[in-house]
Amino acid sequence: MSAEEEDRGPGSVHEMFVVMENLLEKLKMLRYEELLERHNMKPLTRHYFVSSPYLVANPGQQFFMFSVVAAWLLNVAGRSFTEPQESDEPNATISNILAELRSFGVRVDFPPSKLKSGSGEYVCYVLDRLAEEALKKRGVPFKRPSYPTESTEEEELQGDEAELTLSRVEEDLVLMLLSSCVSRQEQESRLKPEEILESTVDAAEWSLEVERVLPQLKVTIRTDNKDWRIHVDQMHQHRDGINSSLQDAKGHLDKLQEDISKTLEKVSSREKYINNQLEGLIQQYRSAQAQLREVKERYQQASGGVTERTRVLAEISEELEKVKQEMEERGSSMSDGAPVVRIKQSVTRLRQETQQMEVRMGVVEHSLLQAKLKEKSNMTRDMHHVPDSVPGHFS
C-alpha cells in the first residue's frame, strides 16, 4: 500500500467499487443503452472500470470504452466533443477529455497517465463527475428517499394467518386453565352446597362460540430445517425414491444389454458369413496388391533410369547447341569476304609502315655516319693541334 493510500485510510482501496456502482446507476438514468446499441457493445458490469487483481482486465478495450462513454457524457452535458476512434492517439484523447472536465470547474490533481489503463480510481472519478454534469444538464430531479412505515404488533398478528408457535400456545393454554380454575372457584364460593349445578347457556349459542373460536385455536408448528430428524426423513424418502428409480432403470438397462448382445451376435455371425463368402476375392485382392507393389517398385526403378538419361540427354543437347553455334559462326566467317578485305588492308598498311621504317632507318644511319665522321675528325684535330679554320678538313 502506498503512503497516499495509508493517509486516506484502509477503505480507500474499496471506494472505487462504490463510485463505479453509483456511476452505473447514473448511466442508466441517462439511458446509456442508446450508446451501446449504436456501437454494438455489451452493457457495463458493476465493476467494469474497477482496477483489481481479482477482476479480468483488458486495458485496450477498457480505454476505448472509457473514451467513448466520456465523449457521450460530454455531448449530453452540452459540449461539442468529437467521438474518438480506436486508432486515435491515447494521450491526445486524454488531454482533450481532461480539458473539457476542467472547463466544468472540476479539479484535476492527478497525472493523465493514470487514465491510460482504462480502469482504476481516477477513471471512475472522471466518468462520475461527467455523469453528474450530464444529469444537471438534463435536469434530472433527486428526491429524498421514502422509507416504508413499520407495522404494529397487532397488524403483524392479524397477518400471520392465525399461525401460533408452540410456546405461545402453551402460554395461552396455561392462562386459559388458570382463568377457568379461578372462575370455577369463584362460582363454587358463591353457590350453596345444596344447589344443583345446571348450565344456563343455550346449546346453539355454545356451538356458535365454538365455531368462532375454533380457527384461533388451530396450532401450526413450524418446521425447523436444522432439525436432524427432518434430514433423516428426507434421506429415507430420497433412498426409497432412488431404489424405486433404480429398479425401473435396471430393468430398462437389462433389456438394453440383452438387445445389444443379440445385435452383436448377429453382427459377428454376419461378419463370419461375409468373410467365408469373400475369402477367394480377398485372396485375389491380396495377390493383386502384391503385384501392384512389384509394379510400383519396377516403375520407380525405371523412372529413376529415365531421369538419369534425361539429364544426360539435356547435357548432350546443350553441347550440341554449342557446336552448332560454333559451326554457324565459322561458316559465316568463311563465306563472308570482309575478313579477306581486312587482311589485304592490313598487309597494305604493313607495307607502307615498312617503307616508312626503312626511310627512317636510312636517315638514322646517315646521321650516325656523319656523327662518327665528325667525331673522327675531331679526334684527329685534337691529336695534331690543327685549328678549326684549317681548310680541307670536314667541318
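Visitor: Which residues of H6 are buried?
Guide: In the helix H6 (residues 121-138), the buried residues are Val123, Cys124, Val126, Leu127, Asp128, Leu130, Ala131, Glu133, Ala134 and Leu135. Buried means under 20% relative accessible area, exposed over 50%, and partly exposed in between, with a 1.4 Å probe and protein chains only. This is a predicted model, where local features need pLDDT of at least 70 and side-chain atom pairs count only at pLDDT 80 or more, while totals for chains, interfaces and linings use all residues. Residues are numbered from 1 along each chain as its sequence is written, and side-chain values use heavy atoms, with hydrogens and water left out.

Visitor: What do the buried residues of H6 pack against?
Guide: They pack against helix H2 (15-29), H4 and H5. Contact here means heavy atoms within 4.5 Å. Helices are DSSP runs of H or I with at least four residues, strands are E runs of at least two, and both are numbered from the N terminus.

Visitor: How do you know that the span of H6 agrees with its 18 residues?
Guide: The expected span is 1.5 Å times one less than the number of residues. For H6 that should give 26 Å, and its end C-alpha atoms are 26 Å apart, so the two agree. After H6 comes Gly139, with a positive phi near 70°.

Visitor: Why is H4 called roughly parallel to H5?
Guide: Helix H4 (residues 59-76) and helix H5 (residues 90-103) pack at about 30°, with axes 11 Å apart. Angles under 35 degrees count as roughly parallel, over 145 as roughly antiparallel, 65 to 115 as roughly perpendicular and the rest as oblique. Therefore H4 is roughly parallel to H5.

Visitor: Which residues make the contact of H4 and H5?
Guide: H4 brings Phe63, Phe66, Ser67, Ala70 and Leu74, and H5 brings Pro90, Thr93, Ile94, Ile97 and Glu100. They divide into seven nonpolar, two polar and one charged. Ala, Val, Leu, Ile, Met, Phe, Trp, Tyr, Cys and Pro count as nonpolar, Asp, Glu, Lys and Arg as charged, and the others, Gly among them, as polar.

Visitor: Why is Ser67 called buried?
Guide: Ser67 has a relative accessible area of 3%, so Ser67 counts as buried. Ser67 lies in helix H4 and touches Pro84, Thr93 and Ile97, not counting residues up to four places away in sequence.

Visitor: How many helices and strands does the chain have?
Guide: The chain comes to 12 helices and zero strands, and buried residues make up 15% of its 395 residues.

How values were computed
Axes are lines fitted to C-alpha atoms, for helices over the stretch in contact, and angles run from 0 to 180 degrees between N-to-C directions.
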